[in-house]
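Here are my notes on the structure, written as numbered points. Please keep the model open while reading them.

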Amino acid sequence: MKNLVDSHGRRVRKLRLSFTDKCNLRCHYCMPVDSTFMDEEKYLHPSEYEEIVRDLCSYGLEEIRITGGEPLMRKSFKEIVERLSGLPVKKIGLTTNAILLDKYIEILKANRVNHLNISLDSLDPQNFKKITYGNQLERVLKNIRLAKDHELEVKINVVAMKGINDHEIIDFVEYSSELGVEVRFLEVMRIGHACSSQNDQFISAQEIINILKSKYELKRVSKEYDSTSFNYILNNGAQIGFIASESQPFCGSCSRWRLSADGSIKACLLKDDGLSIKGKSSKEREDIYHTLLGMKPFLRPTEVAHQMNVLGG
Ligand code: SAM
Ligand code: SF4
């Protein structure tokens, strides 16, 4: 079958799958403390994730990433990844806050979920609590080491925020060098709950690069054409990346579609409109994929109302 390529020449080769919108943290840029969540009865069944990913593999899908909410909170996590690992995708990733990682490490290893993006916005317990409303920093740090010990690829995602964690930038660079993990600084995006505070907290990738240049030598490293990050290696060995979605959008080379836990399939994180694929027949799903291909914006939308935890980063 033919690949899914849109009128701007962008090929769909990656899918982000949200397993749940629930979370055991409340990162203040992501969702309000009193968030309400979708009814679990509306979740896609494990077999539906399998069907959709199988369909898209026949159209050239190569990589999937599991996200949320906190994907490790989905009760049928094991069954879904067992189903997905049997499909012909080249790479399976997971984005997680790592709190529950110790309970799932063997399941990840057994089902080739080998690429972990772990959110960690502070190395200081008080600041971690202020940002996330959780006090499990020690457990997260332990689980990052555990993942490394199990030879999983680990990248750390740090949402950089002015006046909140920008004083920890150098600490993260040293952490990257000491642990041998890539640390990526994310610009705060105007999504859902973050729209009201984003202006005050925003710090651009370039501002962070300037801070790093005052202390280190930076050498650019090459990445895949559709990578969301651009990366450097520093003279202390740190591997540092930037996801500069606001100041340097990458929509022109975007290769991703997204699927919410209740089966809304979307061509873009920053668009509210999606198509409902839950309970659809094989023929109906085919029609949905072809319609969705024309729904990916070429110019980056400035903001979106839905909460980040519904679709996942
Ligand atoms: N719970 C998991 C986690 O935190 O890694 C997966 C879901 S979370 C929504 C995925 C990523 O989105 C995290 O790295 C998080 O920091 C990031 N994120 C959430 N809201 C954001 C925002 N407004 N701007 C930039 N990144 C955001
Ligand atoms: Fe939960 Fe991830 Fe959102 Fe934080 S960023 S509240 S860990 S879904």
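**Notes on the model**

1. D226 sits in the loop between β7 (218-221) and β8 (230-234). Helices (H or I, at least four residues) and strands (E, at least two) are DSSP runs, numbered from the N terminus. D226 counts as buried because its relative accessibility is 1%; buried means under 20% relative accessible area, exposed over 50%, and partly exposed in between (1.4 Å probe, protein chains only). In sequence D226 and R13 are 213 residues apart, yet their C-alpha atoms are 9.5 Å apart in space.

2. A word on the basis of these notes. This is a predicted model, in which local features need pLDDT of at least 70 and side-chain atom pairs count only at pLDDT 80 or more, while totals for chains, interfaces and linings use all residues. Residues are numbered from 1 along each chain as its sequence is written, chains are lettered from A and ligands numbered from 1 in the order in which they are written, and side-chain values use heavy atoms, with hydrogens and water left out.

3. Which residues come nearest to ligand 1? Of the 19 residues around this ligand, they are Y29, G69, E70, S119 and M189. A residue is near a molecule or strand if one of its heavy atoms lies within 4 Å of it. The shell around ligand 1 divides into 8 nonpolar, 9 polar and 2 charged residues. In this count Ala, Val, Leu, Ile, Met, Phe, Trp, Tyr, Cys and Pro are nonpolar, Asp, Glu, Lys and Arg are charged, and the others, Gly among them, are polar.

4. Polar atoms of the protein approach ligand 1 at several places. A polar backbone atom of G69 is 3.0 Å from a nitrogen atom of ligand 1. A polar backbone atom of T96 is 3.3 Å from an oxygen atom of the ligand, and a polar side-chain atom of N157 lies 3.2 Å from an oxygen atom of the ligand. The protein covers 96% of the 550 Å² of accessible area that ligand 1 has on its own; accessible areas come from the Shrake-Rupley method with a 1.4 Å probe, and for residues only the protein chains shown count as cover. The elements that give two or more residues to the shell are β3 (91-96), β5 (153-160) and β6 (182-187).

5. The side chains of T96 and E70 are joined by a polar contact of 2.8 Å. A polar contact is a pair of N or O atoms within 3.5 Å; within protein, one must be able to donate a hydrogen and the other to accept it, and residues adjacent in sequence count only if both atoms are side-chain atoms.

6. Ligand 2 has C23, L25, R26, C27, C30, M31, G69 and N97 around it. Its shell divides into 5 nonpolar, 2 polar and 1 charged. G69 is also among the residues that come nearest to ligand 1.

7. Is helix α1 largely enclosed or largely open? In α1, 9 of the 12 residues are buried, so the helix is largely enclosed by the rest of the structure. The buried residues include Y49, I52, V53 and L56, as well as E48, E50 and D55. The length of α1 (residues 46-57) can be checked too: at 1.5 Å a residue, its 12 residues should span 16 Å, and the end C-alpha atoms are 17 Å apart, which agrees. The expected span is 1.5 Å times one less than the number of residues.

8. A98 is in the loop between β3 and α3 (101-110) and is buried, with a relative accessible area of 0%. Y133 is in the loop between α4 (125-132) and α5 (137-149) and is exposed, with a relative accessible area of 52%.

9. F172, F185, F230, Y232 and F242 form one aromatic cluster. F172 is found in helix α6 (residues 169-179) and counts as buried at 0% relative accessibility.

Terms used:
Rings of Phe, Tyr and Trp (its six-membered ring) pair if their centres lie within 6.5 Å; planes under 30 degrees apart count as stacked, over 60 as edge-to-face and the rest as tilted.
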